[in-house]
Amino acid sequence: MEPAFFDVIRERHSVRYYDPTVTISEAELKQMLEEAALAPSSSNLQPWRFLVITDPAEKERLKPIAYGQQQVVDASAVIAVLGDLDSYQNTERIYSSAVEMGYMNEETKNRMVPRNIETYKNLPIEAARGVVLVDGGLVSMQLMLVAKAHGYDTVPMGGYDSVKFKDAFHVPERYVPVMLIAIGKAAREAHPTYRLPIDEITVWNRYE
Ligand SMILES: Cc1cc2nc3c(=O)[nH]c(=O)nc-3n(C[C@H](O)[C@H](O)[C@H](O)COP(=O)(O)O)c2cc1C
């Protein structure tokens, strides 16, 4: 039986000790990525790209780049979530597919495609990076919850040298690293973590 959504969000914790004997099939990894990619994105451009690292030798190569974090080696896979700065190039394809599937009418598509291409193509680099980082964050979160619902554990990682990572794994220049996500079965239970009280971090309607 599939776990309840609220159990999944309460029971997800960052796991840093993994059972190195556990493997996840390529089919299941793909299924989890498909489920994660149901996440929303700016203009539905889906700028996320995934580099899935399962080869033990490649994981060993990644370890020093991730400042020696052992989970990179022991987890079944490390998924590098990347953001494509040129994802606007898929606008026509994405919107035409929506028309073919009956999700959007032709006129809307014809109005939106040139406008979106114009907007995204001309974004200043920092704004374009912002877009793919936001969308990449959403897909990353969804992937971690999907993994938990499949019975796996994860840890998101920003602790790595992104320049060295791109170089060592031949990541195309246009892809911005968002984060690494280790995924596998916990060898040691994660500790729960504290959250700030909502009343302290929430304001209603406007700041004074
Ligand atoms: C963007 C990002 C980067 C992170 N980088 C690392 C990391 O490099 N190594 C690590 O062990 N945990 C890392 N974490 C995990 C956080 O420490 C963890 O999410 C936080 O302490 C809350 O704990 P929880 O995930 O168990 O709820 C990162 C989390 C995020 C969101």
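A residue is buried if 20 or more other C-beta atoms lie within 10 Å of its own, exposed if 12 or fewer, and partly exposed in between, with C-beta atoms placed from the backbone. The legends below use these words for a predicted model.

**Figure 1. Overview of the protein chain.** The predicted model holds 9 helices and 4 strands in the protein chain. Along the sequence these elements follow the pattern α-α-β-α-α-β-α-α-α-β-α-β-α. Taken along the principal axes, the C-alpha atoms fill a box of roughly 55 × 45 × 40 Å. The chain has 208 residues, of which 29% count as buried. Among contacts with a separation of 6 or more, 81% come from residues 24 or more positions apart.

**Figure 2. The open sheet.** The sheet is made of 4 strands in the order β1-β2-β4-β3, and the pairing is antiparallel. β1 and β3 are the edge strands, each pairing on one side only. From one strand to the next, the twist averages 25 degrees. Strands of a sheet pair through backbone hydrogen bonds, either parallel or antiparallel.

**Figure 3. Strand β2 and its partners.** β1 and β2 run antiparallel and are joined by 6 bridges. R49 has L82 in β2 as its bridge partner. The pairing of β2 with β4 is also antiparallel and extends over 8 bridges.

**Figure 4. Burial of strand β2.** Of the 8 residues of β2, 8 are buried, so the strand is largely enclosed by the rest of the structure. Both of its faces are covered. One side carries A77, I79, V81 and G83, and the other carries V78, A80, L82 and D84, all of them buried.

Figure 5. Helix α2 spans residues 26-36, and its buried residues are L29, M32 and A36. These residues lie on the same side of α2 because they cover an arc of only 60 degrees around the axis. An α-helix has 3.6 residues a turn, so residues three or four places apart point the same way. The elements that cover the buried residues of α2 include β1 (48-53), β2 (77-84) and α7 (125-149). On the face turned away from the buried side are the exposed residues E26, A27, K30 and E34.

**Figure 6. The shell around the ligand.** The residues surrounding the ligand are H13, S14, R16, Q69, V155, P156, M157, G158, G159, M179, A190 and T193. Strand β3 (residues 153-157) supplies the largest share of this shell, with 3 residues. By class, the shell divides into 5 nonpolar, 6 polar and 1 charged residue.

**Figure 7. Residue A186 in its loop.** A186 lies in the loop between β4 (175-184) and α9 (198-201). A186 counts as partly exposed because it has 18 C-beta neighbours inside 10 Å. Leaving out residues up to four places away in sequence, A186 touches V15, Y17, Y18 and D153. A186 and Y152 are 34 residues apart in sequence, with 7.7 Å between their C-alpha atoms.

**Figure 8. Residue I9 in helix α1.** I9 is part of helix α1, which covers residues 5-11. I9 counts as exposed because it has 12 C-beta neighbours inside 10 Å, and the limit for that class is 12 or fewer. I9 and Q69 are 60 residues apart in sequence and 25 Å apart in space, C-alpha to C-alpha. Q69 is also one of the residues surrounding the ligand.

**Figure 9. Two residues with positive phi.** Most residues other than glycine have a negative phi, and most peptide bonds are trans. H170 has a positive phi, near 55 degrees. H170 lies in the loop between α8 (162-168) and β4. With 7 C-beta neighbours inside 10 Å, H170 counts as exposed. N205 also has a positive phi, near 70 degrees. N205 belongs to the segment after α9. N205 counts as exposed because it has 4 C-beta neighbours inside 10 Å.

Methods:
Residues numbered from 1 in each chain as written. Predicted model: local features only at pLDDT ≥ 70, side-chain atom pairs only at ≥ 80, totals over all residues. Arc of directions from axis to C-beta. Contact = placed C-beta atoms within 7 Å. Near = placed C-beta within 6 Å. Nonpolar A, V, L, I, M, F, W, Y, C, P; charged D, E, K, R; others polar. Pairing = 2+ DSSP bridges. Axes fitted to C-alpha atoms, helices over the stretch in contact; angles between N-to-C directions.
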